[in-house]
Amino acid sequence: MTVSEQGLIVPGSGKFDLLEYLKPRPGNHPPLDSPGYKSTGLRHPKQPLVLLPQRLTEVTGPLLGDELITMQDADLTTQHAGEPQGQRIIVFGQVRDSGGRPVPDTLVEIWQTNAAGRYRHSREHHPAPLDPNFDGVGRAITDQGGRYRFITIQPGSYPWGNHHNAWRPAHIHFSLFGRAFTQRLVTQMYFPGDPLLPYDPIYNSVTDDKAKLRMVSEFSMDDTQPEWALGYRFDIVLRGRRQSVFEEAHP
Amino acid sequence: MSELLTPSQTVGPYFSMRLPWPEGPYVVPAGTPGAVTIYGRLYDGAGAAIPDGLIETWQASPDGRFAHPDDPRGPVPDGDLGFRGFGRAPTGHDGTYKIVTLKPGPLPTGDGATEAPHLDVSVFARGMLDRSVTRIYFPDEEAANAVDPVLESVPQRRRATLIAVPAGDNLLRFDIRMQGEDETVFFDL
């Protein structure tokens, strides 16, 4: 412990180096102001963002472990007495950073509609049936290889008020922490070949076509289980770190 | 060569099915000695409350430590091991949120400067395609705030948007305005 010039007691105030997380490439993330998605209009900052150097608070982050998972809820089809309606699917993948490092022990949270395109939520009024056997929420922790796996039901499409005849493509919401505050990500997983994708202003808010495809899961026959469920792979890439001098010399 | 990232998408209107958990707003249990409640309202560009937002906070312990392997200062004292440091609170019908926590300690920057006590904040909502990041600083830290390198980098007239306002015993108010005259300072991380 040392005392700074201002009389503050600061632990470990000597010189040290911190990890640095790489900036996303332009166009990788959607712009906060995206006129096609009307609600962005009053909800995006208008003043220029101020650069926040990555220091201790930014390169660390909550390491939320099993304590928050009071029960195993990576299987969304067994949370009630009966089985939910709809097509059973396995959604799995790897969480890694842009340098290819798996992100182990990180919390993955998901929420989605039921097979009919209805969320279990008090403010949801889409006239499609609720399913008494499906809540549409799940949680998992990645394993040492950064892998996660959910068993769920193919979600449905639903109308929303953004514009005339607006329908969201089927999707599953994902929330991830990674290892650092800089890596926090909330995204949506889409399904390959969904005919609504070209019409969706949220999906199309991402301007880089290759980046956009990162949000579309991949059907996997190899991971489809006979007589039981279809497999969809959804790998998730979080911000990677700048390589240290040592790593660059020994790739 | 680095891979493209999975793009961010909006948290949407229905995240409250999953994300909030009962102890989310309590970084420390209510009644913890020294606990401070930070509350405030999230506003859109028309000055209307945002009732479907999510506020997350991340911070050091009162000793200025993180129980995290990437904090290069080494293992934390035992007393800090149980400090979660993370808060999560949805906004209510009137756009208000609340976090109960302990004031973090100041932090070294690694190159000789000192950051004043602060919380990093992520704001999520329907209509936000990516989170907006801001910071909460403390009004009783005038000396530390005056030399905080992040506050110093913010135009003088906007700095006040980052400093919570005293609102009573162990009570601070921190409103978040997405746009307008007093738009909160948001950061490019």
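Which residue in β10(B) does B:P166 stand opposite?

Modeller: In this predicted model, B:P166 stands opposite B:L172 in β10(B). The two strands concerned are β9 (residues 165-168) and β10 (residues 171-173) of chain B, which pair in the antiparallel sense over 3 bridges. Together β9(B) and β10(B) form a hairpin with 2 residues between them. One residue in that turn, B:N170, has a positive phi of about 50°. As to confidence, chain B averages a pLDDT of 95, and 98% of its residues score at least 70. The model scores ipTM 0.97 and pTM 0.95.

Strand pairing also links the two chains. Strand β3 (residues 50-51) of chain A and β12(B) pair in the parallel sense over 2 bridges. Within this pairing, A:L51 has B:D188 as its bridge partner in β12(B).

The contact between the chains takes 72 residues from chain B and 79 residues from chain A. On the side of chain B that touches chain A, the elements giving two or more residues include β2 (53-59), β8 (132-137), α1 (142-146) and β12 (187-188) of chain B. The largest share of that side, 5 residues, comes from β7(B). By residue class, the side of chain B that touches chain A divides into 34 nonpolar, 21 polar and 17 charged residues.

The largest nonpolar core has 91 residues, and those with the most contacts inside it are A:V108, A:L176 and A:L238. Strand β7 (residues 118-125) of chain B gives the most to this core, with 5 residues. Leaving aside residues up to four places away in sequence, A:V108 touches A:V95, A:A140, A:T142, A:Y148, A:F174 and A:L176.

A:T187 counts as buried because 24 other C-beta atoms lie within 10 Å, the threshold being 20 or more. A:T187 and A:S175 are 12 residues apart in sequence, and their C-alpha atoms are 6.4 Å apart in space.

For chain A as a whole, the secondary structure comes to 3 helices and 14 strands. Buried residues make up 41% of its 251 residues. Among contacts in chain A between residues at least 6 apart in sequence, 71% join residues at least 24 apart.

Terms used: Residues are numbered from 1 along each chain as its sequence is written. Chains are lettered from A and ligands numbered from 1 in the order in which they are written. This is a predicted model: local features need pLDDT of at least 70, side-chain atom pairs count only at pLDDT 80 or more; totals for chains, interfaces and linings use all residues. A residue is buried if 20 or more other C-beta atoms lie within 10 Å of its own, exposed if 12 or fewer, and partly exposed in between; C-beta atoms are placed from the backbone. A nonpolar core is a set of buried Ala, Val, Leu, Ile, Met, Phe, Trp, Tyr and Cys residues joined through C-beta atoms within 7 Å. Helices (H or I, at least four residues) and strands (E, at least two) are DSSP runs, numbered from the N terminus. Two residues are in contact if their C-beta atoms, placed from the backbone, lie within 7 Å. pLDDT is the predictor's confidence in each residue, from 0 to 100. Two strands pair if DSSP finds at least two bridges between them. Ala, Val, Leu, Ile, Met, Phe, Trp, Tyr, Cys and Pro count as nonpolar, Asp, Glu, Lys and Arg as charged, and the others, Gly among them, as polar.
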